[in-house]
Amino acid sequence: MEQLAIQLLIIFSLIVILFSAFLFFRRLYISEQHRKKSQRQKVIAQIYQNYVDGIISEGELIDALEESEIYNKEMIILEVLLEYANICSTLPSNAALEKLGIINLLKTMLSSRAGWKKATALNALIKFNITGFAEEAEKLLAHKEELISYTAAEYLITIKELEKLDRIIKILSQTDDWYLHHYAQIFAQYQEEAFHILMAHYNSTVLLSEKLCIVKMLRGFTIPQNDSFLKELVFTEDKIIRETIAEYLIEKDPGYLVQNNFSNDISPYVRSLYFRGFMELGYDDSNLQVLLTHSLDKSEVIRRSIVAALTHYCQTNPKTIEFLEENLVRFHEYDKAIIHVFDQLNITDDYIRNLIRPEGEQKARTILKKYLELGELGDILRFLSTSRNDSINKKLTELVCEYANSQDLENNSDLLERTQEPYKSKIKEIIRPNLIRQAEKTEDKNIKQRLILLSVLITVIIAPFIIFGYKNLNLLLQHNISLFITYLILDFNKAIIFYVASINTIYLILNFLSYAGLKRYSEKKKAWQLGDYFKRKLIPPISIIAPCYNESATVIESINSLLNIRYPRFQVVVVNDGSKDDTLAKLIGYYELEKTNYIYREMIPTSKIRNTYSSVRFDNLVVVDKENGGKADALNAGINIAEHPIFCAIDADTLIEGDSLINASAPFSFDHLKTAATGGNIRVINNCRIDNGVIEKFNIPRGTVENFQVIEYIRAFTGGRIGWSYLNSLLIISGAFGLFKKRMAFNIGGYSTKESRNLDTVGEDMELVVSYHKYLAKRKEKYQITFCHDANGWTEVPNDLKSLKKQRNRWQRGLIEVLTSNFSLFFNPRYGRVGTTAYPYFFIFEFIGPWIEVMGYVFVVLALFMGILNPSIFILLFVFSVLFGIIISLFGLYIDEKESIRYSNKEFFKLLGFAFIENLGFRQMGAFWRAGAFISLLLNRQGWGTITRRGFAPNISQGQ
């Protein structure tokens, strides 16, 4: 065995040395190759620029390009032409393309087995307006890759091959609205002809999906007969058709919905649009009465539409406020709707000030009493936090103590804490008894989870003793205790070698899969980029959700960086999760926020939303103020508010690099039917040079602890998650940067919280991804959850071991919580590879593994102190734990550098060194931290913990 150990040591040492040398010289070679390729492209680009500028004729262009001696010339010319086609209209004629060999190249690419070549060729046919390929395009309509079939459909529409419409509609009927809009715009270019064909197909088809597809496309037509056709269809029996046309009419002709009285439609959404249509009508008591009568509707979206209409009336005619006040004081039937209207109008302070005016006191008390009884305490408590009028404050406090619900006050504890004394103490007296009663009823809701953890821990610790003890039972029966213990320790030493070899072998396999996955993803991405899908807006609109809690110092800089992201159409939803500092006040002042009755459907239950605000300065900014419920609850509130079909969950302290949001959304474009979520690549920002929220220069950190984490992140994200993504078994998308389909989040109940799914976890990001897998697998849908290695989010990592330990403890607690609450996945073939491969791996190696590893190290140390450590066992442990680990880290660096060069040669060579050192103690220390998370959960230690951060400035901005 000793000879085998020495042979393995030599082999693995040679592999490490050769791999390191390969990476060293490859880095030097690849830098030169990038330079040469750039030069070749510049030569072609300069020749073509002269043609665009009119310096040379088309004939001279052909001669110059034919004379240039460049490797792979035709493909480089095609790439340059496609880039120019995106920015200018000066393109060579088809005859010139024929002479240059581009037409033949496109024919070859259309028949190629590589999908990216087919898609690129189709895009070139569209861009250069080349006809004569209808037959080839029609065959590609049935291609399994979405990017190819949809681009083929676009080509056929562009060249007016309308006799293929049946097949085209069949494909387009499966797509999302934002994608369909692009094809509708092409049809609209010859809408007179297209309208009659689409209408005929609508009348002939029996498939609702195709009918809906046609209606959505017709919404972009402007010819009169189209408007008449859609108005007739609004009375159809198909609910979803009515909802789609009602959306169109509320923008084009809102009065039409009111005139035809859709107040009793079975669709709550149609009814809500009907009531929004009242905004276009003038002031009339009968209209107000209709709105108030329906304000008792059970549907929240209808009630919000009615409040919006009533608010609009109040703003345009003061008589409306008098009408509502009289109704509130005398009848008390529609109190909730009226109070919400007054809240939107920001007139609460006026009623408060009337408390000391004899002529208005009685009415003010009645209205403020309604505020308090309905739990609308926000404006009242804010007034008490700033007012210096003791007479008003005293009367207002008396009202709060008399009519406010103690639970409502507790839910607004953040506002209550800012209330001035002595009023705060008086109000707290009425909620203290309620809190005592709550404490008496508190139960440990995590008892089941803790029992599972305890049983697993006992099993992991006792099982080895049972297994190895039984093997050496004869020694125990002979009362040879010392020899029994010796063999027990040696057997466990062998077991830890097997464990370490197994997990690193899995890591190596994942690295190979990552290499294959990177190649497949990059080919699709190349076709997508050459097709310029971004500028053609064939990319989904996105709602970026940024939860914040007590982030007054950085919130403005963070939100500014989000608002400046390069993306064609996006919305920023900032969720103030009951901050106790002046976060909300800063947002209101800086962005000139105004209260708005934002109409949305509350599909996921959350803590109470107090107010929504829109910005005077930025029309794509929405700020939500809600009661504190935690990060997951804040994200759920943002999902409810989000208006776009894709939402991006992002941490407030994450900086998005350049086009990373575009890169993260690319799979929603080229695989938009299957893609359910995408995850971004998280990188270390420590010591990078930053200017106004933009990373100016990439640097590796200065500290050793941070550089160890750079290697960890590269190994975990690039070397691991690309591989899991290739298997469509990605279980983790970092909460710092991830994109998700909103519809699916609604279907599963959003992020896991006590309010939404009765599960509160610090691993809410992983739990959401696991829930997506379970939901889609149960429905047997074809789907993918993709990791995008080129979508980089940069975050600050801990720079000391104490903070790092807290962070890893929290991460491991989140992983354990998610795994124990989804145990039904364990080796369950119903969930595909997630159930049979990914979940078992995470359960065995990531959940139980740290304890096995820690016990192994303990037994090795025991063997060393007892003088029984076999040299061959020590050598094998070094080979499989350290040398094998170095190979995995080097492989991760290789994959990370394959597509792009980010760091300088000098810094890359430093990372090579850290890849060696990190395996000599740091990785092993992480196992002890993760095992400690087990104990934290058993002791019911919850929460996020406090991590010391230096911030983005000035330290990071000083990086050279």
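A crossing of two helices is left-handed if the near helix is turned anticlockwise from the far one by less than a right angle, and right-handed if it is turned clockwise. The views below come from a predicted model.

**View 1. Helix 17 packs against helix 19 in a right-handed crossing.** Helix 17, residues 285-294, and helix 19, residues 319-330, meet at an angle of about 50°, and their axes lie 11 Å apart. Helix 17 is therefore oblique to helix 19. From helix 17 the contact draws on D285, L288, Q289 and L292, and from helix 19 on T320, F323, L324 and N327. Sorted by class, the residues in this contact of helix 17 with helix 19 are four nonpolar, three polar and one charged.

**View 2. Helix 22 packs against helix 24, again with a right-handed crossing.** The angle between helix 22 (residues 361-373) and helix 24 (residues 390-403) is about 45°, with the axes 10 Å apart, and helix 22 is therefore oblique to helix 24. Helix 22 contributes E361, R365, L368, K369, L372 and E373 to the contact, while helix 24 contributes K395, L396, L399, V400, E402 and Y403. The contact of helix 22 with helix 24 comprises six nonpolar and six charged residues, and no polar ones.

View 3. Strand 1 (residues 542-548) and strand 6 (residues 646-650) run parallel and are joined by four bridges.

**View 4. T486 is a buried residue of helix 30.** Helix 30, in which T486 is found, covers residues 481-530. The relative accessible area of T486 is 18%, and T486 counts as buried because that value falls under 20%. When its neighbours within four places in sequence are left aside, T486 is in contact with M866 and I868.

How values were computed: Residues are numbered from 1 along each chain as its sequence is written. This is a predicted model: local features need pLDDT of at least 70, side-chain atom pairs count only at pLDDT 80 or more; totals for chains, interfaces and linings use all residues. Side-chain values use heavy atoms; hydrogens and water are left out. Axes are lines fitted to C-alpha atoms, for helices over the stretch in contact, and angles run from 0 to 180 degrees between N-to-C directions. Helices (H or I, at least four residues) and strands (E, at least two) are DSSP runs, numbered from the N terminus. Angles under 35 degrees count as roughly parallel, over 145 as roughly antiparallel, 65 to 115 as roughly perpendicular and the rest as oblique. Contact means heavy atoms within 4.5 Å. Ala, Val, Leu, Ile, Met, Phe, Trp, Tyr, Cys and Pro count as nonpolar, Asp, Glu, Lys and Arg as charged, and the others, Gly among them, as polar. Two strands pair if DSSP finds at least two bridges between them. Buried means under 20% relative accessible area, exposed over 50%, partly exposed in between (1.4 Å probe, protein chains only).
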